[in-house]
Each structure stands twice: as structure tokens, then as C-alpha cells.
Amino acid sequence: MTPPPAEVAIASAELAPPAAREETPLRRFVADFAESKVAVGAFAVFVLIVLCAVFAPWIAPQNPYDLAQLDILDGRMPPGTVGGAGFTYILGTDDQGRDMFSGILYGLRISLMVGAGSAFIAFIVGTALGLLAAYFGGRTDTLIMRLVDLQLSFPSILVALMILAFLGKGILNVVIAIVAVEWAYYARTVRGTALVERRREYIEAAECLALSKPRIVFRHLLPNCLPPLIVILTMQVARAIALEATLSFLGLGVPVTEPSLGLLIANGYEYMLSGRYWISFYPGIALLVTIVVINLVGDQLRDVLNPRLRK
């Protein structure tokens, strides 16, 4: 006697492997991302860098922002030297007697905060403008995209320098300058994706149901444009960190009392040829590792979220 189809389906589900029954988009995403050991290692290093930056006040032996803790007599000491305060300067000191290990940990906090914060704000501004340009079209699209073309026609560093020359130094001003530089990349990317999604049947169905335009744009159109934006956001975080370091190196970034990695590199630049390499070398290595691991994670995200690039 042949069992009913319902019983066959239940039996098949019970015999199926647990992974096949419980596979979800999140599990599939994690499995695809884990295929690259390099990306997994880069992600682990990035998490370690973030944890070191967050817990810098508890890890660092010195607060490099507190001038009362700095001793000018301990300036330019090589790595491994015991200072007057009694603790060992693992990575040496700079010309102000600042412990380089502590300075790097605190500098990572500012670099990550400025990079991630400015990239996220630019993501919101650029995504909103790109969606409006793609959905409404016409003069709105023309105006927004001409602004994007104008923005992208100038070098990023030149635009940032002009903004900071007008606004002055400060973390907030650096964030404003980076946002003004980066928003155009998100706007162009989301517009290209949204123009394709704009012609899909689900958008036409939403319009036939007389849904409000903000709901169609942000509840239906935006979620389908997120995969390429996530990749762009990851890359732009690394780019924002590098841009902030460049501005600080040139003396137009964060103030001297709150040094980032770029400013730490600038402090030791004049001592590179005198044998005191550690003042610029170790902050430069920290900046390089941070940017590289973020780019490696972004490359793997691009391969996972874009099936055409997967092997």
C-alpha cells in the first residue's frame, strides 16, 4: 500500500540532514564568507583591532592625551627602554615622551571612529539622494547626478583640504570633510542599482496598491539595493581612515592634543633619517594593517554578495 503524500513528505523531512533543514540566508552567508581563510583571518584581526581600540584606556599603560603623564626627558627613547615612571616603553617614545604603544591604541580609536562615522553618514546621505534620483527621475535625477559628477571631477584630497582650510582643525570638521568627499560614491552606486530594480514587478505592484512613495522607496526599493552598498561601505571605511591619516599628517586633521595614527606618523617623520625610525614606523604599520584587513574583508563580501563574481 502506497503511503499518503503527506506522510512521505514528513518522512523525507525527518531523514534530511539537520543542515539542509535549518539552512537560512544568514547561515549560507556565513558559510560562503568562511570559504576564504584569508578573509576569515582578516576579519579576526579587524575584530582584535577594534577591541584594542575600544578597551585602550584599560590596555594602554599611559594616557597619551594627559599632558601631566608625559615626561619630556623620556622623549625619543628606543623600544624596550625603561622610563622614569618605572614601566617599559615597548615600542619606544616620541619627541614629547609619549608612549608609542599607548599612542597607537588611542590613535586607533580616533581613526576608526572618524573612518566608520564619516563613512556611515556619507552612506545615509548618498543612498538617500541616489534613491531619489533613480525613483523620481527627470529634473531631480539630473540635478543630483550633475552634483555627483561635479564632486567626482575633483581629487578627494583637494576637496577635503579646501573644506578644512575653511572650517579649521577638529574631529567634527574632519568628519564633515570626509562626508562631503564620499557621499557621491554611494549616490552613483545606488542609482545604478535602483534604476534596474525600479522596473521590477514588485515596484509596479506596490504602486498599484497606492502605497506612499517614501514607503516604496525605503521599504521596498532600498532593501534590494543594499548588497552592493555594503561592499562600498566597507571599502569606504578603509578609504576614510586613509584620508583622515593623510589630513592629519599634513597638519589639517585632528588637534595635536588628540593624535591619530596620521599625526603620530607626522611626529616622527623628521627623525626617520636620524635612526629614530620607531616614532613613525610602528604607527605606519598599525595604519597599514588596519586598511589591509578592511579591504580583504570587503573583497570577500563583494564575492559573496555578487554571485557573478563567485567561482
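**Overall form and selected residues of a predicted helical chain**

Aspartate 141 touches Ala133 and Arg191, not counting residues up to four places away in sequence; contact here means heavy atoms within 4.5 Å. The structure is a predicted model, in which local features need pLDDT of at least 70, side-chain atom pairs count only at pLDDT 80 or more, and totals for chains, interfaces and linings use all residues. Residues are numbered from 1 along each chain as its sequence is written, and side-chain values use heavy atoms, with hydrogens and water left out. Aspartate 141 belongs to helix α7, which covers residues 138-152. With a relative accessible area of 13%, aspartate 141 is buried (buried means under 20% relative accessible area, exposed over 50%, and partly exposed in between, with a 1.4 Å probe and protein chains only).

Turning to the chain as a whole, 14 helices and 2 strands are found (helices are DSSP runs of H or I with at least four residues, strands are runs of E with at least two, and both are numbered from the N terminus). The radius of gyration of the chain is 25 Å, well over the 19 Å that the globule rule gives for 311 residues, so the chain is more spread out than a compact globule. This radius is taken over C-alpha atoms, and the globule rule is 2.2 Å times the number of residues to the power 0.38. Along its principal axes, the C-alpha trace spans about 90 × 60 × 30 Å. Of the 311 residues, 40% count as buried. Among the contacts with a separation of 6 or more, 70% are made by residues 24 or more positions apart.

The accessible surface of the chain comes to about 16800 Å², and 67% of this belongs to carbon and sulfur atoms. Such areas come from the Shrake-Rupley method with a 1.4 Å probe, and for residues only the protein chains shown count as cover. The chain carries 24 positive and 24 negative charges, and their mean positions are 8 Å apart. In this count Lys and Arg are positive and Asp and Glu negative, while His and the chain ends are not counted; each charge is placed at NZ of Lys, CZ of Arg, CG of Asp or CD of Glu.

Confidence is expressed as pLDDT, the predictor's confidence in each residue from 0 to 100. Its mean over the chain is 83, and 90% of the residues reach 70 or more. Helix α1 (residues 5-15) has the lowest confidence, at a mean of 45, whereas helix α4 (residues 37-54) has the highest, at 92. Over residues 5-21 pLDDT stays under 50, and for this stretch the model has 4 contacts beyond four places in sequence.

Isoleucine 241 sits in helix α12 (residues 226-249) and, at 1% relative accessibility, counts as buried. Not counting residues up to four places away in sequence, isoleucine 241 touches Ser111, Leu112, Gly115, Leu287, Thr290, Ile291 and Ile294.

Aspartate 99 is placed in the loop between β2 (88-89) and α6 (100-136) and is buried, with a relative accessible area of 1%. Beyond its neighbours within four places in sequence, aspartate 99 is in contact with Pro61, Gln62, Tyr89, Ile90, Gly92 and Thr93. Proline 227, in turn, is 128 residues from aspartate 99 in sequence and 42 Å from it in space, C-alpha to C-alpha.

Isoleucine 59 lies in helix α5 (residues 56-59) and is partly exposed, with a relative accessible area of 40%. Leaving aside neighbours within four places in sequence, the contacts of isoleucine 59 are Cys52, Phe101 and Leu105. Isoleucine 59 and leucine 105 are 46 residues apart in sequence, and their C-alpha atoms are 8.3 Å apart in space. Isoleucine 176, in helix α9 (residues 171-197), is partly exposed with a relative accessible area of 40%. Between isoleucine 176 and leucine 164, 12 residues apart along the chain, the C-alpha separation is 8.8 Å.

Finally, arginine 76 has a positive phi of about 60 degrees although it is not a glycine. Arginine 76 is found in the loop between α5 and β1 (81-82), where it is partly exposed with a relative accessible area of 32%.
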